[in-house]
Structures are given as C-alpha cells and as structure tokens.
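I am opening my notebook on this structure and will write down what I looked up, step by step.

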Amino acid sequence: MRDSQKILDAWDAYSDEHTDLDGWPYDEHVYGIRASQRDADTAEAFETVRYGARHLLATAETQLTQLPKNTVQSRWVYQLGVLHTALDRLDELHAQWLTTRDTLPATAKPGTPDFDDALTEHHAESWTYLDDWATHGKALREINTAARKAPSPLAPAPALAPARRTAART
C-alpha cells in the first residue's frame with residue numbers, strides 16, 4: 001500500500017506539471033501513456049496485498065470492535081467500507097480479465113498489441129479501485145497500531161507502587 005501511495009504521489013506531481021490550470025494535459029498522447037503506466041504500476045503494487053486483503057479487512061474489523069471507544073477514529077468505519085467495496089469490484093474485474101485473456105487469440109502473448117491493449121484496458125478499469133486502496137489502506141495500519149497500543153482486557157492494570165516515605169530530618 002505504501003508503494004501504491006508513492007505511485008499516486010508521483011502521478012499527482014506529474015499531472016500538476018503536465019496539465020493546464022483547468023486540468024487538461026498539454027500532450028494528451030504522452031499523458032495517456034503515463035496514465036497507463038501509473039495504472040499498471042498500481043496494479044502490480046496491489047498484487048502483494050490482493051490475496052491477503054480480505055484477511056486484513058477482517059482483522060481490522062475485529063480489532064475495531066475491541067478497541068476502547070475513545071481510541072477509534074470515526075473515519076475508520078467509512079474507510080473499511082470503501083476498501084471492501086473496492087476489493088469486491090477488483091475481484092469482479094479480475095474475473096473479467098481472466099475471461100478476456102482466455103478468449104484472446106492464441107498468438108496474443110504479453111508484448112503483442114492484442115494482449116497489451118486488453119491488459120491496459122483492464123488496468124484502466126481497475127485503477128479507481130486500486131486508488132481507493134492506496135488512499136484508504138492506511139486505515140488498516142492505523143487500526144492495527146491502535147489495537148497494539150490498547151490495553152489488553154486479559155492483562156491486569158499495573159498496580160501503583162506504594163509511595164516512598166522518607167524519614168524526616170531533624
């Protein structure tokens with residue numbers, strides 16, 4: 001998720017530099033190529049999280065229910081919802097990609113226009129949801145950090161040490 005955030009930050013810097021004040025690119029072709037690279041890089045970065053994403057969400061939800069109410073950020077519930085929705089959509093798009101890939105001609109391999117164009121389209125369709133993970137994924141770390149710092153209901157509260165008494169000097 002950190003890699004995805006770096007990709008997003010680099011994209012924002014690129015976009016700011018290569019668009020006019022209304023957000024229109026100076027060179028649409030080059031801008032489009034750069035956007036396609038952003039999409040592909042973001043998809044690749046998410047692959048390290050994809051197969052454990054549901055477990056991460058379930059863990060965060062469990063941790064969230066066990067945190068003391070005064071330590072919970074109100075945005076966390078919303079962010080977990082965004083991440084769930086994005087993951088559901090990414091799973092759907094991945095299934096569509098596998099179907100598309102399987103229907104390509106036998107000559108369509110990585111590096112051929114048929115394959116690369118279909119993959120580029122898949123990445124473009126996925127990017128919004130990958131961006132949601134890049135943007136809101138930090139909530140998973142924040143919840144985990146809060147859970148690790150929260151007092152355990154199993155551990156007794158530390159006892160206060162008795163006050164030290166010193167002999168009065170006379």
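Entry one. I began with Asp 91 in this predicted model, and I found that Asp 91 is partly exposed, with a relative accessible area of 32%.

Entry two. I then asked which side chains meet Asp 91 in a salt bridge, and I noted that Arg 54 does so, with the closest N and O atoms 2.7 Å apart. Arg 54 sits in helix H3 (residues 53–66) while Asp 91 sits in helix H4, so this pair ties together parts of the chain that lie 37 residues apart in sequence. I also looked up the accessibility of Arg 54, which is partly exposed at a relative accessible area of 37%.

Another salt bridge brings together the side chains of Asp 91 and Arg 50, and here the N to O distance is 3.8 Å. I wrote down that this pair, too, links distant parts of the chain, since Asp 91 belongs to helix H4 (residues 75–103) and Arg 50 to helix H2, 41 residues apart. Is Arg 50 buried or exposed? I found that Arg 50 is buried, with a relative accessible area of 12%, and I checked this against the cut-off, because buried means under 20%.

Entry five. I wanted to see how these pairs belong together, and I found that Glu 47, Arg 50, Arg 54, Asp 88 and Asp 91 are linked in a network of salt bridges. For the whole model I noted a count of eight salt bridges.

Entry six. Stepping back to the chain, I recorded six helices and zero strands, so that the elements read from the N terminus as α-α-α-α-α-α. The chain has 170 residues, of which 31% count as buried, and its accessible surface comes to about 11700 Å², with 55% of that belonging to carbon and sulfur atoms. Finally, I looked at contacts between residues at least 6 apart in sequence, and I noted that 71% of them join residues at least 24 apart.

Methods
Residues numbered from 1 in each chain as written. Predicted model: local features only at pLDDT ≥ 70, side-chain atom pairs only at ≥ 80, totals over all residues. Heavy atoms only, no water. Helix = DSSP H or I, 4+ residues; strand = E, 2+ residues; numbered from the N terminus. Buried < 20%, exposed > 50% of the residue type's maximum accessible area, 1.4 Å probe, protein only. Contact = heavy atoms within 4.5 Å. Areas by Shrake-Rupley, 256 points an atom, 1.4 Å probe, with all protein chains shown as cover. Salt bridge = Lys/Arg side-chain N within 4 Å of Asp/Glu carboxyl O.
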